[in-house]
Amino acid sequence: MIRTILTTPEGETHEGDEHLMSVWQATPGSHIWIDMQGETQESERKIFEAFEFHPMAIQDAHKERHPPKIEEFDNHTLIIYRGISSFDAELNYLPQQVCFFVGERFLVTLHTGQALSIERLFNEHGKALLAHSPEHVALRVMYISAGFYIDSLLEFETALSDLEDELLENGNDALMRKIITYRSRLVKMRRIFSYHQGITQELTAYDYEHLPREESETLHAINDVADRFERLYTLTQMYYDICGDLIDGYISISSHQLNITMRVLTVITAIFVPLTFIAGIYGMNFENMPELRYEYGYFFVWGAMLGIGGILIWLFKRKHWF
């Protein structure tokens with residue numbers, strides 16, 4: 001699917017397909033946004049050749065799971081962004097790679113599936129932003145996408161808080177597996193946001209011809225996107241640390257409970273070891289054992305065994321071992 005928005009210096013707005021490129025070329029000062037979703041490489045190639053995109057930029061855009069990056073060429077700047085097509089409070093998300101070709105008068109976006117941020121902007125405020133400049137559209141798409149991430153992460157914070165209470169009240173292996181799953185997903189998301197931070201850091205540190213910092217509105221838009229990416233990275237790091245603390249806490253509680261159990265078993269063993277020793281001696285089958293002919297030998301041994309057991313129980317209780 002190819003969608004196109006064209007804005008003219010007179011304030012007119014046109015929507016259509018790639019055929020609006022001829023109108024854009026014939027109208028100085030006009031801006032065009034071409035959005036391509038799930039198109040064949042043959043269809044994409046015609047548009048890329050019309051805009052004279054660099055072959056290396058096209059090659060990077062066609063790579064699957066390419067790390068987010070920004071790179072400047074002669075007549076355009078390439079931004080590869082990792083957006084989302086779906087995301088929920090359980091951190092189940094489907095990434096959506098979006099490529100931006102940003103020029104002085106044009107913006108070309110490329111993605112294989114539906115991108116939520118582009119859909120919202122295309123149907124709402126995209127025309128007004130495009131009339132201002134194409135780079136504002138690209139920055140706003142990233143800003144909206146980061147907002148989707150933030151909303152779902154804040155919902156996850158509530159789920160994580162409930163999980164923490166449940167783990168303290170009734171911790172079990174199923175909850176531990178769930179927390180470890182969350183932690184693994186947070187690591188992947190943190191890596192993505194780290195790449196995105198790198199993009200905004202380059203935008204704020206270096207002068208890109210098609211995303212000029214000297215324009216205050218453009219710099220303000222860059223800073224807004226940078227602030228959201230910084231918050232996303234901070235949130236994922238914080239939630240990752242919380243999950244790690246919950247895992248460590250559960251392991252500590254389990255170890256403590258195991259220590260208590262082992263201490264009780266050790267006390268029981270310590271009580272019965274001397275009794276077993278006495279029973280073992282008097283269980284030997286020798287004829288010349290003096291105590292065998294003693295009239296009260298049986299009761300004497302029982303008394304000795306009960307006395308030893310009682311003394312050990314008193315001693316262990318005094319030391320608060322059980």
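## A buried histidine

His 196 sits in helix H7 (helices are DSSP runs of H or I, at least four residues; strands are runs of E, at least two; both are numbered from the N terminus). His 196 has 0% relative accessibility, so it counts as buried (buried is under 20% relative accessible area, exposed over 50%, partly exposed in between; 1.4 Å probe, protein chains only). Leaving out residues up to four places away in sequence, His 196 touches Pro 68, Tyr 81, Arg 82 and Phe 229.

## Basis of the model

This is a predicted model: local features need pLDDT of at least 70, side-chain atom pairs count only at pLDDT 80 or more, and totals for chains, interfaces and linings use all residues. Residues are numbered from 1 along each chain as its sequence is written, and side-chain values use heavy atoms, without hydrogens and water.

## Nonpolar cores

The largest nonpolar core holds 58 residues, with Trp 33 and Phe 100 making the most contacts inside it (a core is a set of buried Ala, Val, Leu, Ile, Met, Phe, Trp, Tyr and Cys residues joined through side-chain atoms within 4.5 Å). Helix H6 gives the most, 15 residues. A second, separate core of 23 residues includes Leu 6, Ile 47, Phe 51 and Leu 78.

## Salt bridges

The structure holds six salt bridges (a side-chain nitrogen of Lys or Arg within 4 Å of a carboxyl oxygen of Asp or Glu). Asp 35 pairs with Arg 3, with the closest N and O atoms 2.8 Å apart. Asp 35 lies in strand S3 and Arg 3 in strand S1, so the pair ties together parts 32 residues apart in sequence. Both Asp 35 and Arg 3 are buried.

Arg 45 and Glu 49 also form a salt bridge. Both lie in helix H2, four residues apart. Asp 60, Lys 63, Lys 69 and Glu 71 are linked in a salt-bridge network.

Technical notes: Contact means heavy atoms within 4.5 Å.
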